[in-house]
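Try each task before reading its solution.

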Amino acid sequence: MQQLPSNSISLFCFFCMLLSSSYAKPRISSPAFAANSCNFPAIFNFGDSNSDTGGISAALYPINWPYGQTYFHMPAGRFSDGRLIIDFIAESFGLPYLSAYLDSVGTNFSHGANFATGGSTIRVPDRILPTNEGFGFSPFYLDIQLSQFMLFKSRSQMIRQRGGIYASLMPQEEYFSQALYTFDIGQNDFTADLFADMPIEKIYASVPDVINSFAYNVKSIYNSGGRSFWIHNTGPLGCYAFVFLYSPSAPALKDSAGCVKPYNELAQYFNLKLKEAVVQLRKAFPSAAFTYVDVYSIKYSLFKEPEKYGFELPLVACCGYGGIDKYNFSLNAVCGASGLVNGTKIVVDSSCDRPSARVSWDGVHFTEAANKFIFDQISTGDFSDPPIPPNMACHREGQLKALGQNALVNIS
């Protein structure tokens with residue numbers, strides 16, 4: 001991969017400071033708000049492998065053991081040993097886990113649907129799966145996920161009219177306006193560019209187009225009746241083991257956590273622009289509620305101070321084989337698949353001894369334990385703008401002020 005210019009390390013630290021300072025704001029914490037919790041009857045999710053509950057597994061490639069070993073005790077279409085953040089969000093609302101829209105077997109869409117697929121991007125990817133040319137990305141990028149949602153919305157109501165079991169497996173019409181619309185996507189737009197050896201400056205220049213594409217899709221869902229939006233920013237790209245295969249090895253480009261600084265700064269720049277876009281969406285659609293969620297800060301804390309939160313070896317994949325610098329990740333033998341190592345075929349079908357103490361499941365995705373930690377932090381409201389937990393995400397900023405003039409407490 002092309003060597004990164006030295007000035008890229010600090011060029012966008014200014015934006016990183018803006019992001020971190022934006023969270024020094026009051027947090028809502030009062031019984032007054034508990035009485036006004038949102039009663040979301042459904043969730044419609046859009047995203048990539050961070051929230052895929054079986055889409056890419058049903059459409060293209062099965063996800064094999066040991067994926068799913070911790071909670072489901074079998075592969076469950078998720079890129080983890082167990083549950084994802086979206087699963088914990090559904091649990092917190094008392095809703096069933098989301099069925100993948102692309103899964104035709106044993107699915108129930110009565111309380112929502114999941115359009116996310118592993119490898120999805122916001123924009124059209126240059127290299128689409130399936131491919132024999134190494135890395136590829138999902139054909140179900142965000143525009144396609146939106147098209148699937150629109151089709152699902154109309155067809156689900158036609159199916160409900162049949163009555164009986166057909167009606168019981170589809171969401172009620174009013175659920176589409178009452179649902180929470182969740183988004184966790186954007187990471188793969190930049191990994192695609194990095195893998196293609198695109199200069200870092202050119203990747204930065206592409207961010208506005210990525211953001212515009214994202215905003216277009218959110219606007220389209222608003223125009224179709226969606227009113228509550230829960231939007232995750234992207235995580236610390238420079239901390240994932242798979243990135244180290246493509247990153248410069250110069251120690252000066254690593255931070256104290258061992259992550260690649262320029263890649264994390266790229267993620268933070270995207271996050272800044274994403275947050276600005278959310279602010280503009282609020283202005284454009286004052287009748288809707290938009291919550292921006294800083295999962296980047298939560299995820300990065302697991303790499304920077306793992307012991308503080310009961311974790312260890314955050315950069316090392318729990319499930320994997322070999323690789324450079326003992327990260328336990330190699331494209332020749334990835335978790336759950338067979339591969340050739342020194343001419344010998346092996347199957348990577350086992351994991352580390354304690355997944356519950358690990359951050360990285362497979363060098364790309366998080367363990368269930370890490371996902372639960374991230375969800376727990378999200379639930380405090382400390383990492384959201386406005387500063388609310390998921391069960392308050394139906395309230396617009398003006399409503400929150402009216403509800404809680406006396407319920408704001410300063411973050412210590």
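**Exercise 1. Find which residues have the most contacts inside the largest nonpolar core.**

Solution. Start with the core itself, a set of buried Ala, Val, Leu, Ile, Met, Phe, Trp, Tyr and Cys residues joined through side-chain atoms within 4.5 Å; buried means under 20% relative accessible area with a 1.4 Å probe, protein chains only. The largest one holds 93 residues, and F44, Y181 and F229 have the most contacts inside it. Next, see what supplies it: helix α10 (residues 200–223) gives the largest share, 10 residues. Helices here are DSSP runs of H or I, at least four residues, numbered from the N terminus. Finally, look elsewhere: a second, separate core of 14 residues includes I56, F79, C335 and W361.

A word on the ground rules: this is a predicted model, where local features need pLDDT of at least 70, side-chain atom pairs count only at pLDDT 80 or more, and totals for chains, interfaces and linings use all residues. Residues are numbered from 1 along each chain as its sequence is written, and side-chain values use heavy atoms, with hydrogens and water left out.

**Exercise 2. Describe the surroundings of R282.**

Solution. Then list its contacts (heavy atoms within 4.5 Å): beyond neighbours within four places in sequence, R282 meets F290, T291, Y292, D385, P386 and E397. Last, check its charge: R282 is buried without a salt bridge (a side-chain nitrogen of Lys or Arg within 4 Å of a carboxyl oxygen of Asp or Glu). Its side chain does reach the backbone oxygen of D385, at 2.6 Å.

**Exercise 3. State the mean pLDDT of the chain.**

Solution. Recall that pLDDT is the predictor's confidence in each residue, from 0 to 100. The chain's mean is 89, with 86% of residues at 70 or more.

Key. Buried means under 20% relative accessible area, exposed over 50%, partly exposed in between (1.4 Å probe, protein chains only). Lys and Arg count as positive and Asp and Glu as negative; His and the chain ends are not counted. A polar contact is a pair of N or O atoms within 3.5 Å; within protein, one must be able to donate a hydrogen and the other to accept it, and residues adjacent in sequence count only if both atoms are side-chain atoms. Helices (H or I, at least four residues) and strands (E, at least two) are DSSP runs, numbered from the N terminus.
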